[in-house]
Amino acid sequence: MIFDVVNEAATPNLSVADRMILVLFDLGITTKEQIATITGWAENRINDSIKRIRKKGGEKWVRSWQPRRGRPHVYALGKEGFKYARELRGEYNGNNQPASGQVWHFLGLNQILVRLLESGLEVKSWLSGRESASWLYHQLLTRHESGMVSVPKTPLRPDAMMQVGNQWWMVEYDTGTETPMRLSEKFSRYLDLSLMLDLSEIPLLFVTVSDQRVNTAEWAFRRALEAHQATWDKVFFMKEGQEVEFLRGWDPENSGTK
């Protein structure tokens, strides 16, 4: 979890460079401004950490580019940096580096965490998509019947999971590029997941780029729900930036799509 990486008492053996590598590993593609807010590190420390990593092999360890003129440069691990991060994490399978085409998705997702931290809300945990998949797997494992050979594979993983106060949430960030039918298919997989796990206490926060897209996503979810045997409807749709006030006013007794 990224908060453990930042917390030197929780991970005392990590070097300054290793901490930055794991921060980039968790955030996928990010900016220095996002790193500063999420970690609490000063600009000098961030710049120094990146320089130390690049001395290992330049762009093979840390990539940087400007995704659009007038926008901040973004940072992501290169091939060697990503491989080393997986070794630090004890992960030896897969090499799914974040693709450059996903830049706006990663930035938008990370910005949700930035807004929550800046708001003063009590964000106790933030799990990346990779960590969310592991969390869900272990939930399935604990519910699995003894004597069964294998644990069923989860139909999807959320973009992130977070604990705000005492409430866990699944998080999806949507850039508006998926078709309504693809969205409906994704929601159908969430409904499949709700039949495999008890999601009655874990809502989904769906954050997207415009009010029009909110309406499209709500339609896509209703379509999936009508065609599915699941009854889980703890999905909350909102335009990016609205999640802070929504979570401030969250009532655990709320239920249903909003």
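**View 1. The surroundings of Asp-159 in the predicted model.** Setting aside residues within four places in sequence, Asp-159 touches His-105, Leu-109, Leu-127, Ser-128, Gly-129, Val-171, Glu-172 and Tyr-173. You'll find Asp-159 in the loop that runs between α7 (129–143) and β4 (160–164). Asp-159 is buried but has no salt bridge; the nearest side chain of opposite charge belongs to Lys-186, 5.4 Å away. What Asp-159 does have is a side-chain polar contact of 3.1 Å with His-105.

**View 2. The buried residues of helix α3.** In α3 (residues 32–39), look for Gln-34, Ile-35, Ile-38 and Thr-39, the buried ones. They span an arc of only 110 degrees around the axis, so they sit on the same side of α3. Their packing partners are α1 (2–6), α2 (16–27), α4 (43–54) and α6 (103–119). Just past α3 comes Gly-40, with a positive phi of about 80 degrees.

**View 3. Arg-89 and Asp-26 in a salt bridge.** Here the closest N and O atoms are 2.7 Å apart. Arg-89 is in helix α5 (residues 79–89) and Asp-26 in helix α2, so the pair ties together parts 63 residues apart in sequence. Asp-26 is buried, at 11% relative accessible area, while Arg-89 is partly exposed at 27%. Both also belong to a salt-bridge network with Glu-131.

**View 4. Arg-130 meets Glu-91 in a salt bridge.** The N-to-O distance is 3.6 Å. This pair links distant parts of the chain, 39 residues apart: Arg-130 is in helix α7, and Glu-91 is in the loop between α5 and α6. Arg-130 is partly exposed at 24% relative accessibility, and Glu-91 is partly exposed at 25%.

Methods. Residues are numbered from 1 along each chain as its sequence is written. This is a predicted model: local features need pLDDT of at least 70, side-chain atom pairs count only at pLDDT 80 or more; totals for chains, interfaces and linings use all residues. Side-chain values use heavy atoms; hydrogens and water are left out. Helices (H or I, at least four residues) and strands (E, at least two) are DSSP runs, numbered from the N terminus. Buried means under 20% relative accessible area, exposed over 50%, partly exposed in between (1.4 Å probe, protein chains only). Lys and Arg count as positive and Asp and Glu as negative; His and the chain ends are not counted. A salt bridge is a side-chain nitrogen of Lys or Arg within 4 Å of a carboxyl oxygen of Asp or Glu. A polar contact is a pair of N or O atoms within 3.5 Å; within protein, one must be able to donate a hydrogen and the other to accept it, and residues adjacent in sequence count only if both atoms are side-chain atoms. Contact means heavy atoms within 4.5 Å. The arc is that of the directions from the helix axis to the C-beta atoms.
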